[in-house]
Structures are given as C-alpha cells and as structure tokens.
Amino acid sequence: MTNEPVWQPSASQAALKSRAQQLAFVRGFFAHRGVLEVETPILGQHGVTDPNLDGIQAHVSAGARTGGWLQTSPEYHMKRLLAAGFGSVYQVSRVFRNGELGRRHNPEFSMLEWYREGFDDVALMSEVSDLVCGWLGCQPPETIHYRGAMERWANIDPFEATDRELRRRCEQWLEPEQLADLSRDGCLDLLMSFAVEPNLGRQRPAFMTGYPASQASLARVSTWDGLEIAHRFELYIDGLELCNGYWELTDPQEQRRRFEADNRLRRRSGSPEMALDEAFLAALERGLPECSGVALGLDRLLMIKLGVEDIREVLAFPFDQA
Amino acid sequence: MASYSTNEFRGGLKVLLDGDPCIILENEFVKPGKGQAFNRVKLRNLMTNRVWERTFKSGESLEAADVIDQDMEYLYTDGEFWHFMLTDGSFEQYPADAKAVGDTLKWLKEQDVYTVTLYNGAPLSVTPPNFVELEVVDTDPGMKGDTAQGGTKPATLSTGAVVNVPLFITIGEVLKVDTRSGEYVNRVKSS
C-alpha cells in the first residue's frame with residue numbers, strides 16, 4: 001500500500017478531447033434552435049428539500065449573509081429566469097451531491113439542464129432524442145412505462161401491490177429488519193435499481209415514463225387510466241440513467257405542499273430539514289410559463305459515447321484525486 | 001467500538017456482519033437520480049472465507065471489526081497450537097489453532113515470517129509469504145541432463161507439501177515455491 005499522491009489525470013487525452021467536442025455539439029445544437037445559454041449560481045443560499053439528495057453546505061460569510069449551498073441542480077434559478085420572461089434557456093453547469101461516489105457517480109459532475117417554454121413532456125422527449133442520438137448516432141429511443149417495466153422485470157405491479165407485497169419482493173436484496181423502515185417509494189427504488197434498470201436501453205435507448213405520483217418531484221400529475229401519473233421521464237442507454245425530465249409543475253401552492261411533504265419525510269428519516277427557497281416560490285406566484293425541463297448528465301453521456309464503464313475515465317480529476 | 005457508515009465503505013475495510021469479522025472486497029454505489037441510494041457490497045467472511053453479497057441502504061452502518069495483520073515469526077508447535085512471535089522486538093507470542101493455521105500448515109517453516117491476522121487479539125488466520133524456500137526430502141531419482149524435457153514428478157518438501165517439479169530435481173535441493181498456486185518456481189542456488 002502506498003500513499004504517494006496521484007497527480008496524473010484520470011481521463012485520457014482522447015477522452016478529454018471528446019468531452020470538448022461534446023460540449024461544442026451541445027452549444028451548436030441549442031444555438032441552432034435559438035435557445036439561450038445562461039449561467040446561474042452554483043453557490044446559492046438554499047439547498048433542496050428532496051429527501052434523497054444531500055447538498056454540500058458552504059460556509060460563506062459575505063455582507064450580512066452566511067452559509068450557502070452548492071447547488072444540486074440549477075433548476076430553481078433557471079425557473080426564475082423563465083418566470084421573468086426570458087423564454088427557453090439552457091445551461092451547462094457543475095452540480096454537487098454529497099455522498100455520491102462510485103463507478104457512475106462523482107460528488108461534483110457536469111449537468112446539461114434546459115427548459116422549453118410551451119413544450120409538454122412528449123415534445124421535450126423528442127428534443128432529448130434529437131440531441132442524444134444526434135451526438136451518439138443511435139436509434140431514437142423506445143418508450144417504456146414504469147408499470148409495465150416493473151411488471152416485466154421486477155414481477156410486481158407498482159400501483160396495485162400492497163406495501164407488504166412490495167417488502168416481501170425486496171427480501172431478495174434486504175433483510176427484513178433493513179426493510180422495516182424502508183418506505184414504499186424506497187422499495188420501488190430498490191426494485192428499479194436492481195431488477196429493472198440493468199435491463200433498460202439494451203437493444204436501443206429507452207425512455208421511461210408514467211412514474212407514480214409519489215415520485216413526481218417537480219413534475220405535474222394527471223390521472224390516466226384511473227391512476228395518478230407524474231409527467232416525468234428518464235432516458236436509459238445500456239442500463240445507465242442519463243436524464244430526468246418533467247412537464248413542470250407551475251402551481252405555487254402545490255409546490256409548497258410538496259416541499260413541506262419532503263421536509264416531513266426528512267424529519268422522519270432523521271435528515272436535516274431544509275429551508276424553503278422563498279424566492280423560487282415567489283417566482284411561481286408571479287407565474288412560471290407552461291414549460292418542460294430536463295437535466296442530463298454530461299459525464300455519463302460521454303461514458304456511453306466512449307463505451308467506458310467508469311466515470312473516472314471521463315473526468316480529468318475525480319474527487320479522490322481532485 | 002467504532003462503526004462505519006455506507007459512505008465510508010471501501011475495499012479492505014474490516015467490519016462485523018452477523019457477528020462475524022468480514023473484509024469488504026467491493027462496494028458499489030447504486031442510486032436512481034431521484035431515489036433512495038443503496039450500496040451493493042461484496043464481503044469475505046474471515047471466519048469461513050465465504051464471499052457474501054449484501055445490500056445496504058445508504059446511511060446504514062456496520063460495526064468495525066478489531067482485525068489487524070501482524071508480521072510474526074513461526075516458532076514451534078506443541079501439537080495443539082502453532083506458536084508465533086511478533087517481529088517488532090516485543091517477543092510477544094501468540095498460539096494459533098489448527099483452524100487459524102489451515103492450509104498454511106504445509107508452508108510452515110521455523111524462523112520464517114508469516115502474516116498473522118488477529119481478531120480481538122487472537123490469531124484468526126495465518127498467511128504465508130507469496131514465495132517460500134523449502135528443501136526436497138523425497139522425490140524419485142533425478143534424471144541428470146534431462147533439463148530440456150517438459151516432464152514433471154512429485155516432490156515432498158520438508159514441511160510435508162508436495163509439489164510438481166522438473167525431472168532433474170534431486171533430494172536435498174532447496175526450491176522456491178509460489179504459495180498462492182502451490183507451484184515450483186526455481187531451484188535456489190546453494191551458497
């Protein structure tokens with residue numbers, strides 16, 4: 001065992017050249033479509049309430065302000081631009097998520113996020129397909145529904161199964177005592193991660209849609225076939241999750257209720273509660289235009305382009321060498 | 001005793017699982033972008049040597065196992081225990097039982113240095129160095145001049161280990177052997 005510092009980059013020169021080409025492709029794509037590139041803070045005063053995202057706290061002291069959070073996504077700031085009437089916007093930014101490190105994760109990563117005024121989720125999925133397949137040269141994605149995928153690969157109906165049936169299905173991976181405090185959505189996430197995801201996007205890219213309303217996050221929800229469905233989509237290629245998009249929720253009251261529900265979940269699981277971003281909620285009050293938005297992981301897109309399995313191969317300096 | 005949370009998991013970490021000391025071999029972080037995170041962990045149970053695959057919810061923790069590796073010189077056996085001594089100058093001795101010595105028995109030579117893994121202060125396992133040098137005590141008569149031929153024959157070493165050696169090897173020669181594969185490497189020139 002050696003403690004010699006590693007100074008060399010983790011990615012090859014060829015990988016970093018491809019990264020630069022990818023960025024040029026993205027900028028060309030949006031320039032051609034007349035979408036404005038913007039830059040919003042990566043250091044903000046608020047983090048997110050999302051119970052499954054851990055922000056990284058900053059210790060800023062400037063003016064009368066202290067604290068701060070490295071942003072997990074530029075979503076709230078970008079939506080404030082839309083509310084101010086700036087129209088469709090995109091951004092390439094670094095985002096930060098604590099505790100996420102592995103072959104597919106680095107605590108700091110590159111996110112491409114964009115919002116399209118007047119688009120619904122289906123229109124935005126088509127644009128995601130143009131961008132991703134234009135860069136990768138792949139076939140356009142097929143669309144798979146959450147319910148069907150769970151039935152096919154996890155052998156359970158995510159809408160009709162009782163909590164007990166779901167837990168029992170999870171016993172393939174977790175001991176009963178580990179399952180005792182796992183929520184219904186936690187069980188669904190386990191099945192999605194271990195039973196379903198590895199199968200997604202194998203033959204051709206696949207959009208997953210039709211998420212249960214409990215996993216809507218910031219997407220609007222509608223009733224479809226008697227089920228509450230979130231207008232949310234993800235794209236998978238070779239079992240790798242690439243993006244997450246919504247037909248955006250514009251209702252400020254509903255947004256506040258979801259933030260408060262997140263904080264209740266946080267309280268229950270012993271995570272710190274997060275202060276609500278009142279500036280974001282005020283922008284929704286003023287009026288967010290009808291829009292859809294999506295966040296796409298650029299490091300992962302490059303992994304697929306280069307056919308590599310480890311995110312370290314596309315990062316100049318992954319966190320443990322940064 | 002200290003404990004490790006999932007975000008401290010890494011290869012080589014020694015933890016207690018179901019009461020047994022285990023070493024983490026692999027740790028994979030799995031998380032849907034908007035969902036619950038999990039760690040898929042491969043561990044080897046140091047008591048049974050069996051490899052386990054277990055899943056943990058992010059944030060769960062495991063107790064640290066008091067397991068350390070120490071260099072020790074093999075001294076002697078009294079038939080029930082094999083006695084080892086720390087090489088750090090403390091002369092502290094540790095008796096290892098047959099279970100701890102295990103397959104390393106056939107590579108044990110007095111005064112050689114082994115890695116003894118201690119669990120709660122008692123020997124849990126004994127690992128030989130990758131290469132040992134041992135004398136041939138029995139083998140069929142050598143066939144001098146036959147060095148080019150690829151044939152092999154069994155040879156019994158001073159510790160009782162039997163390895164396949166080239167036909168030209170004779171009794172009394174000292175051989176270098178790879179303990180991981182149990183294969184002959186070369187003759188050691190007698191000084």
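Before the first stop, a word on terms: two strands count as paired if DSSP finds at least two bridges between them, and helices (H or I, at least four residues) and strands (E, at least two) are DSSP runs, numbered from the N terminus. This is a predicted model, where local features need pLDDT of at least 70 and side-chain atom pairs count only at pLDDT 80 or more, while totals for chains, interfaces and linings use all residues. Residues are numbered from 1 along each chain as its sequence is written, chains are lettered from A and ligands numbered from 1 in the order in which they are written, and side-chain values use heavy atoms, with hydrogens and water left out.

**Stop 1: the eight-stranded sheet of chain A**

Select the strands of chain A in the order β1-β5-β6-β14-β13-β12-β8-β7: these eight form an open sheet with mixed pairing. At its edges sit β1 (36-37) and β7 (142-145) of chain A, each pairing on one side only. Now pick out β6 (residues 108-117) and β14 (residues 291-297) of chain A, which pair in the antiparallel sense over seven bridges.

**Stop 2: a salt bridge in chain A**

Show the side chains of R33(A) and D130(A), which meet in a salt bridge at 3.0 Å, N to O. (The rule asks for a side-chain nitrogen of Lys or Arg within 4 Å of a carboxyl oxygen of Asp or Glu.) What does this pair tie together? R33(A) is in the loop between α1 (13-32) and β1 of chain A, and D130(A) is in helix α3 (residues 121-136) of chain A, so the link joins parts that are 97 residues apart in sequence. Over all chains, the structure holds 30 salt bridges.

**Stop 3**

Next, select β9, β11 and β10 of chain A, which make an open sheet of three strands in the order β9-β11-β10, with antiparallel pairing. β9 (211-212) and β10 (221-224) of chain A each have a single partner strand, so one side of each is left without a neighbour in the sheet. Four bridges hold β10(A) against β11 (residues 227-230) of chain A in the antiparallel sense, and there T223(A) stands opposite E228(A).

Then jump to β3 (residues 56-62) and β4 (residues 65-70) of chain A, an antiparallel pair joined by five bridges. Q57(A) has W69(A) as its bridge partner in β4(A). This hairpin has two residues between its strands, and G63(A) takes a positive phi near 60 degrees.

**Stop 4: over to chain B**

Find β4(B) and β5(B), which pair in the antiparallel sense over seven bridges, with K57(B) in β5(B) as the bridge partner of F38(B). Their hairpin has five residues between the strands, and N49(B) takes a positive phi near 70 degrees.

**Stop 5: where the chains meet**

Select everything in contact (heavy atoms within 4.5 Å) and you get 16 residues from chain B and 27 residues from chain A. The two chains bury about 2,000 Å² between them, with carbon and sulfur atoms giving 53%; that is the accessible area (1.4 Å probe) that two parts lose on being put together, summed over both. Which residues of chain B lose the most area to chain A? They are F29(B), K34(B) and K57(B), together 35% of what that side buries.

The chains share five salt bridges. Zoom in on R54(B) and E175(A), whose side chains meet in one at 3.9 Å, N to O. On the side of chain B that touches chain A, β3 (20-30), β4 (38-45) and β5 (51-57) of chain B each supply at least two residues, and β5(B) gives the largest share, four residues. As for confidence in the assembly, the predictor gives the complex an ipTM of 0.89 and a pTM of 0.86.
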